[in-house]
Every structure is written in C-alpha cells, then in structure tokens.
Amino acid sequence: MAIYRFRISFEDYDDVTREIDIKSNQTFEDLHRAIHRSTGYNADKPSSFYVSTDNWIKGDEIAIHPTQRKIDNGVVLMENSKLSAFIEDPHQKFYYIYNFERPYDFHVELIKIILDNDPKIEYPYLVKSIGEAPKIIEKGNIGAVAANTTAANNDFDFLNEMDFVPEDTDELEAMGGRGINAQEEGHDDEEDEQEDEFGDGEDDYGNDDYGNDKDDY
C-alpha cells in the first residue's frame with residue numbers, strides 16, 4: 001500500500017510547516033485530524049479541503065461539519081473520501097481552510113509517494129514539524145493571551161515612565177555614563193562662578209576709599 005507524504009504550510013506564515021505521512025486508503029478526515037494534532041488546534045471545527053490547481057485556485061470541496069446549505073448542495077464529506085480518489089498528479093495540491101468561524105488558510109501539497117508502508121509506524125505519522133503554529137484567540141483563552149501580552153509590556157514600563165524614545169539611546173551613550181547627577185553638579189559649579197564674580201564687585205563699593213572721596217566733595 002502506498003504512503004503519501006504531504007507538506008502542509010500556512011498561507012500567511014511561511015516559516016511554519018508540517019510534513020505528514022498517511023496511507024493512500026485513509027480519508028481526508030484522517031489527514032485533517034493529523035494536521036491539528038501537529039498544530040494543537042481543535043479539529044472539531046467546520047473545515048474544508050479543495051482540490052487545487054498549481055496556482056492554488058480552489059476546485060471541488062471536501063468538507064467536515066458542513067453547513068446545511070452545503071449538505072443540500074451535495075458537498076463531499078471528508079469521512080467518506082479516500083485520499084487516493086483525489087490524487088491525479090504526483091504533486092497534487094489541495095487548498096485547505098480550517099475553522100470557517102476564525103479561518104486559517106493552508107497549502108497542502110503531495111511531495112512524495114512511498115510505495116511500501118513501514119509496519120512499525122502508525123499512520124498518519126508526523127515526519128517533520130517546523131515553527132510554532134500561531135495562537136488562536138477564542139472566548140476560553142482571551143484572558144490568558146491578554147495576560148501574556150500585559151506581562152511582556154510590563155518589562156518596559158520603566159522606559160515609559162522616563163518618556164523614553166529610541167533616539168534617546170545615542171544621547172545616553174554620549175553622556176559617557178555620567179548620569180543625571182553629573183549634569184546637576186555642573187550646574188552648581190556655574191552658579192558658584194557667577195556668585196564669585198558679582199560678590200567681588202559688591203566689596204569694592206563698600207571700601208573706605210570710596211567713602212573718603214565723598215567727603216572731598
């Protein structure tokens with residue numbers, strides 16, 4: 001029995017991919033659930049595969065948990081559809097939409113056909129996993145996602161209190177580590193110099209010679 005190896009990638013996240021081996025007589029539902037064992041998503045969501053062209057243009061739909069309208073229109077169901085019945089090309093592609101309520105789009109491509117299955121392996125089998133699947137925000141985990149975001153932002157609160165902007169980095173480096181106190185000390189020195197300059201002049205006006213000159217007039 002042949003084994004199909006599919007590469008599954010997020011349409012909007014190129015750095016997240018999975019490779020899954022699956023028997024040719026297994027169904028699209030088996031592949032659907034295998035994908036979400038590898039992403040951690042809830043597989044019990046309305047989703048569909050579409051037979052695709054090389055340019056990822058969607059064709060015939062293969063659905064799980066379809067709407068009544070799709071059922072009335074005779075949509076093909078994943079649980080009744082063996083993979084081998086839809087493989088027409090050694091590089092067959094499927095466009096896949098997970099969870100129509102909060103959809104993620106995937107590209108699913110057949111990259112290898114293995115003629116003999118390994119009896120020691122339970123299929124579907126995750127061959128390769130690259131990257132972490134993006135988090136899905138749902139009612140049950142909004143608080144957890146918000147808490148993580150808040151914790152990350154708190155790390156930078158001290159910069160916000162200082163009205164820090166990235167351009168301030170150069171200014172801080174130019175100060176050579178002297179800090180704010182060094183500026184204050186420099187300011188005190190200027191005041192001392194001004195006091196000394198004007199202080200000497202006041203003493204001159206109060207000396208005895210100035211008083212004696214008045215008597216002469």
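Which residue in the turn of the E3 and E4 hairpin has a positive phi?

*Solution.* Start with the hairpin: E3 and E4 have five residues between them, and tryptophan 56 in the turn is the one with a positive phi, of about 60°. Strand labels (E, at least two residues) and helix labels (H or I, at least four) are DSSP runs, numbered from the N terminus.

Before going on, a word on the model. It is a predicted one, where local features need pLDDT of at least 70 and side-chain atom pairs count only at pLDDT 80 or more, while totals for chains, interfaces and linings use all residues. Residues are numbered from 1 along each chain as its sequence is written, and side-chain values use heavy atoms, with hydrogens and water left out.

**Exercise 1.** Work out the order of the strands in the sheet.

*Solution.* Step one: the protein chain has seven helices and eight strands. Step two: follow the pairing (two strands pair if DSSP finds at least two bridges between them). You get an open sheet with mixed pairing, in the order E5-E4-E3-E6-E7-E1-E2-E8. Step three: look at the edges. E5 and strand E8 (125-130) each have a single partner strand, so one side of each lacks a neighbour in the sheet.

**Exercise 2.** Find out how E3 sits among its neighbours, and whether it is buried or exposed.

*Solution.* Begin with the pairing. E3 runs antiparallel to E4 over five bridges, and its pairing with E6 is also antiparallel, over five bridges. Now go residue by residue: phenylalanine 49 stands opposite isoleucine 62 in E4, and its bridge partner in E6 is tyrosine 96. Serine 48 has alanine 63 of E4 as its bridge partner.

Next, check the two faces. Ser47, Phe49 and Val51 point one way, Ser48, Tyr50 and Ser52 the other, and all are buried. Buried means under 20% relative accessible area, exposed means over 50%, and partly exposed is in between (1.4 Å probe, protein chains only). Six of the six residues of E3 are buried, so the strand is largely enclosed by the rest of the structure.

**Exercise 3.** Is asparagine 80 buried or exposed?

*Solution.* First, locate asparagine 80: it is in the loop between strand E5 (76-77) and E6. Then read its relative accessible area, 61%, so asparagine 80 is exposed. Finally, compare positions: asparagine 80 and phenylalanine 28 are 52 residues apart along the chain, but their C-alpha atoms are separated by 8.2 Å.

**Exercise 4.** What share of the residues in the protein chain is buried?

*Solution.* Take the 217 residues of the protein chain: buried ones make up 30%. For the contacts, keep those with a separation of 6 or more; residues 24 or more positions apart account for 62% of them.

Note on methods
Contact = heavy atoms within 4.5 Å.
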